[in-house]
Amino acid sequence: MRSVRTSAICAVVASLAWGGLAHAQSTSPTLANIFADHAVLQRDRPIAIWGSAAPGASVTVRLNDRSVTAQAGGDGKWRATLPAMKAGGPYVLEVSGGNAAAQRLSDIMIGDVFLCGGQSNMEFQVKHATGLDVIPSANDASLRFTTIPDSSKTAPVGDLAKRVDWRSVTPETIGDASAVCYFMARSLRGTEKVPMGFIASEWGGTRIESWISAPALATQPGFTDGLNAIATFDRDPAAATAADGVRREKAWEALDPAARTERAFQAAMYDDRRWATVPAQYEQLPAADRDRLDGVVWLRTTVDLTPAQVAAAQTLRLGPIARYDETYLNGRFVGGGSVDWAWRSYGVPAGLLRPGRNVIAIRAVGAKKDGRFTDMSIRTIGLADGGAVPLSGPWRYRLGTALKDGSVGPAPWDVPNSLTTLYNGMIAPIAPYGLKLAAWYQGESNTGQPAAYRGLMTTLMADWRRAFASPQLPFFVVQLTGYGTPATAPRESGWAALRQSQAQAVAADGHAGLAVTIDVGDRFDIHPAQKTVIGERLARLARVVAYGQPGLRSGPEAADAVRQGSDIVVRFRNVTGGLQRYGGAGAIGFEQCAGASCTYVDGRVQGDTVILPGAGRPEVTAVRYAWADAPFVNLFDGADLPAAPFELPVR
């Protein structure tokens, strides 16, 4: 799924590859970069404050009339805990030590803090959301927010690369905020009347595995090899990349009968003069070639570099080319991507480039109808001073095997399909910042493996609670909306199965809640713009679970399905004002299943139950509802909350 900040991948992947710059520690004590002017700190619990100083230095932290002293360890890291405080402010947060100058942060509020994570539907900004008056009416000095910059790391980092920007909600600032997180916080501000701040840590297109720490992810099956490769990359990026190149080549030999022969195309000395030249415009490609671009296509070009350019070269920047690629620099594998929208940016190993002629070769798969295939302007070699050497060509190409799927599996550090790297770069450095609750909106990128998602969701909730030192942290999950081609007959659905996994993970957790959104999706757009409703449903959960207010945390949920004569009766719980059906006499979207064979059956609403007439036959073993990628539904309750999708055995 395409991210709204995809260009950030270029910088992020470059920071992963071939090492990074060490950050010099200041001798003056400093606060961690999650602390900034205008921040909100969590009320009614001890306040963790941390940062860096000279090794062994004594550090004093002051907030309003509270102060505490800590000592930096041998690594220069220190941590202090201030006593719990009631909601209030603004205050000054100060850290000092010895004769060193103090660092002072102003306009600090004490209130409730929310952490919002996930992929692009959580990243989706207020300025793109439905509602004409949303931005002009946004003006609340006691509601603040910050967004964690995209950062993918192969090991947990102790701090963010730079200080965050905490901002109060105004018409000028709110457009860039996470829409779902903002609408949740705005709704809660209306009832709780305390300062609030939300932290958005999200990245479009990413999988849940990226957001779980390595020790926690290791408890789930199937990740050992990938986590070992990540650890190797952290120690020796060049060795890990070389090993991934060997893995890919073996996989290609099994996938493509021409792979052994085409290995020669990687070499710097290969003579490609008989290959066709890539034209300036996609439409200028011969029609016969355009029709075959969804298979293997090889690209090659050369670039002449000066000795100074060779010394300064850091990254090979190719932009998006196709769905998959393997890229070779002077015959050596330097990286490969696995999604069509991601900007490729591969580290340049020391000593690989040379003054004079250098050769880039790319095996791409899935470039059909993609004009970026011919876009030379985005392909460069990035230099240490921020400059770039254009790879303007000429580029030559040769068509290979017509494969339907050229995936040989991404490298485990490859965003957006990485393992643990976003936890390392975007969660670890802000933990254990005090939180009131966490909200999670993700799953679209995991719909191909729904069976594993329940365990991963359970693991992520426990992992974040550990990281933020809050064992009972309320955790709210947005269930996937509808997207894709509507079903004209019952069939299996990865989206429906993942919704079921989300529901099961939440149901097994006494401090979690599920926001059902099946009615506000857009079958034509994976990013539905109606985020206000989703944020308000999260707020409804929060009032009951996090704030202890009376009421139902969610809408109708199927409790059981039982035979009653020739019918099946589905009983619902959490119903406010009885079940309602919109737009018809019956409830649509129900299926009766005899083993793997399912057929539609219209339901008859009766109080808090739905009767499925004639479905009570002995061979019917299960009942499903809204079991499709983009189901049409009309079953709600009196509070206008949709009935949750489900699959239940028949008793």
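A residue is called buried here when its relative accessible area is under 20%, and exposed when that value is over 50%, with partly exposed in between. Keep that in mind as we go through the salt bridges of this predicted model.

Side chains of opposite charge can pair when their charged atoms come close. Searching the whole structure turns up 34 salt bridges, so let's pick out a few.

Start with Arg344 and Asp325, whose side chains meet at 2.6 Å, N to O. Arg344 sits in strand β17 (residues 344-347) and Asp325 in strand β15 (residues 324-329), so this pair ties together parts that are 19 residues apart in sequence. Both Arg344 and Asp325 are buried, which means each has a relative accessible area under 20%.

Now over to Glu253 and Arg263, where the closest N and O atoms are 1.9 Å apart. Glu253 belongs to helix α6 (residues 237-255), while Arg263 is in the loop between α7 (259-262) and β12 (276-277), so the pair links distant parts of the chain, ten residues apart. Glu253 is partly exposed at 25% relative accessible area, and Arg263 is partly exposed too, at 35%.

This pair doesn't stand alone. Glu253 and Arg263 belong to a network of salt bridges that also takes in Asp244, Arg247, Arg248, Glu249, Arg260, Glu326 and Arg363.

Last stop: Asp65 and Arg66, a salt bridge with its closest N and O atoms 3.4 Å apart. Asp65 has a relative accessibility of 61%, so it counts as exposed. Arg66, with a relative accessible area of 28%, is partly exposed.

Methods: Residues are numbered from 1 along each chain as its sequence is written. This is a predicted model: local features need pLDDT of at least 70, side-chain atom pairs count only at pLDDT 80 or more; totals for chains, interfaces and linings use all residues. Side-chain values use heavy atoms; hydrogens and water are left out. A salt bridge is a side-chain nitrogen of Lys or Arg within 4 Å of a carboxyl oxygen of Asp or Glu. Buried means under 20% relative accessible area, exposed over 50%, partly exposed in between (1.4 Å probe, protein chains only). Helices (H or I, at least four residues) and strands (E, at least two) are DSSP runs, numbered from the N terminus.
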